[in-house]
Amino acid sequence: MSTEVRVPTLGESVTEATVATWFKKPGDAVDADEMLCELETDKVTVEVPAPAAGTLSEIVAAEGETVGVDALLATIAEGAAAPAPKSNGGEPAAAPAAEAATEEVPVMVPTLGESVTEATVSTWFKQAGDTVERDEMLCELETDKVSVEVPAPASGVLKDILAGEGSTVEAGGQLAVLLAGEGAASAPAASPAPAQGTGGGKDVEDAPSARKLMAEKGLTAAEVAGTGRDGRIMKEDVLKAASAPKPAASAPRAPEAPKPAAIPDAARAPIPAEDAEREERVKMTRLRQTIARRLKDAQNSAAMLTTYNEVDMSGVMALRKEYKDLFEKKHGVKLGFMSFFTKACCHALSEVPEVNAEIDGTDIVYKRFVHMGIAVGTPSGLVVPVLRNADSMSFAEIEKRIAEMGTRARDGKLSMAEMQGGTFTISNGGVYGSLMSSPILNPPQSGILGMHKIQDRPMVEGGQIVIRPMMYLALSYDHRIVDGKGAVTFLVRVKEALEDPRRLLMDL
């Protein structure tokens, strides 16, 4: 009896995909839910798992072929890929018995998350020939969003490392070979270790991502409290320790300047030898590479334009000062500015819906909901968690959700689903002291609002010069879908709602 492997549902309005990669070949044994192949659509990459255990008997759709939803990809036959070796009696039977004492167990790349198809081997924690225990961490992979730790699937000896540090591996690819069984301890290693371990002889090894971050932050293990299993130091522990206030007696450390990212499509000009000796070349992280690629794609694909206005924050600041204590007492969260800006943007988007729309081929897709992206700076780079259905949330719900997402973003615990599906984005450069900037669109969105620093400035009111807390607002928009009138109207509506917050209550 055979089991059919078919194309899964690809998402709303997506009817076909291209077979990108097969990770198995006919005759290979597969386990239930083990990844067989990868499909690419114009929106996402979809992984196809095995619906049952058995042997991959036939591949119907080869790599590069276009397939529709529910099309047949392959068939899986029941049973093992090959029969067990038989003995003819006497001495030849001893060889299979010896081989049975050890078993080669592949160490595979785990599932990396929705639409994440590859990772970079960041650190090997073990060397070839090392003895490992089941679930002991072997290596760390870095994707464009998160770091993934790979545990040992069984106890034994690490025989061979197939992907060294810096190698790019695909989801479902093989990383190493592990010898498991009674004879594993005496088996020789097949390859040298790609990296030296940095453990200090502890019984509990810290996460490689944590060790790497401690080196970058200039921290020691004694300065970080581990919250992992058996007191193991995790990446988020280092982030918390780095952000904790230092004692007054210790001199503050000067933060390292961020390394400029090289432009991949431009040749680097030659430099004098004496300058080259004082340079440091650091490979970009996958997250930084993704940020650079997406920002450049946004500039290349959208007809991006920015319009500016300024807002008097007196009304919001007075309302916040009057109710912040009562608000925090009732809802358990502080009343910040982001809830006012989120509500003001939702209000303006209802009047100018094209700013909340996107282009899909020759169609304009209008969103009758607001999934608000809130840009958050993290030690690894900028991420944009999404506040779903922000238009139906109260001030308290918005503040709670933003606080929760901000903490998860800085700790590196955001899931892929929490950073997808946004329809509009707010970026607050004011927290870093920016007075004015032009934010870059977050594709496929058509608008992004830039907030900036609040600064007292002299303003003319009723023929008198008065001092007011002013903020510059910037709206970057895609001119292919949003006209200048719509963009200016949107920004004026945001300005009006912030200068008189009562308009939000009256839906004016």
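Reader: What stands opposite A29 in β6?

Author: A29 faces T55 there. The model is a predicted one, and this pairing is computed from its coordinates.

Reader: What makes β3 and β6 count as paired strands?

Author: Two strands are called paired when at least two bridges are found between them. Strand β3, residues 29-30, and strand β6, residues 54-59, have 2 bridges, in the antiparallel sense. That count meets the cut-off of at least two, so the two strands are called a pair.

Reader: Which residue of β8 is the bridge partner of T55?

Author: A77 is that partner. Strand β8 covers residues 72-77, and β6 pairs with β8 in the antiparallel sense over 4 bridges. The requirement is at least two bridges, so β6 and β8 also count as paired.

Reader: Why is T425 called buried?

Author: T425 has a relative accessibility of 1%. Buried means under 20%, so T425 is placed in that class. The residue belongs to strand β24.

Reader: Which residues does T425 touch, leaving aside its neighbours within four places in sequence?

Author: The contacts of T425 are G373, A375, V384, N442, Q445, G447, I448 and L449. To be listed, a residue needs heavy atoms within 4.5 Å. T425 also lies 8.5 Å from V386, C-alpha to C-alpha, and the two are 39 residues apart in sequence.

Reader: What makes the link between the side chains of T425 and Q445 a polar contact?

Author: The distance in this link is 2.6 Å. A polar contact needs a pair of N or O atoms within 3.5 Å, with one able to donate a hydrogen and the other to accept it. The 2.6 Å value falls within that limit, so the T425 and Q445 pair is listed as a polar contact.

Reader: How do you know whether K367 is buried or exposed?

Author: Its relative accessible area is 16%. The cut-off for buried is under 20%, therefore K367 counts as buried. K367 sits in the loop between β19 and β20. Not counting residues up to four places away in sequence, K367 touches N356, E358 and T423. Between K367 and N356 the C-alpha distance is 6.2 Å, at a sequence separation of 11 residues.

Reader: Why is L435 called partly exposed?

Author: L435 has a relative accessible area of 34%. L435 is part of the loop between β24 and β25. Together with Y308 and M436, L435 forms a nonpolar surface patch of about 260 Å² accessible area.

Reader: What is the form of the peptide bond from P443 to P444?

Author: That bond is cis, with omega near 5 degrees. P444 is in the loop between β24 and β25. Most peptide bonds are trans.

Reader: What makes the phi of D33 and of N389 worth a remark?

Author: Most residues other than glycine have a negative phi. D33, not a glycine, has a positive phi of about 75 degrees. For N389, phi is near 55 degrees, again a positive value in a residue other than glycine.

Reader: Where are D33 and N389 found, and which accessibility class does each fall into?

Author: D33 is in the loop between β3 and β4. Its relative accessible area is 64%, and exposed means over 50%, so D33 is exposed. N389 is in the loop between β23 and α8. Its value of 38% lies between the two cut-offs of 20% and 50%, so N389 is partly exposed.

Terms used: Residues numbered from 1 in each chain as written. Predicted model: local features only at pLDDT ≥ 70, side-chain atom pairs only at ≥ 80, totals over all residues. Heavy atoms only, no water. Patch = residues over 30% accessible without salt bridge, like charges linked within 9 Å, V, L, I, M, F, W, Y side chains within 5 Å. Areas by Shrake-Rupley, 256 points an atom, 1.4 Å probe, with all protein chains shown as cover. Salt bridge = Lys/Arg side-chain N within 4 Å of Asp/Glu carboxyl O. Buried < 20%, exposed > 50% of the residue type's maximum accessible area, 1.4 Å probe, protein only.
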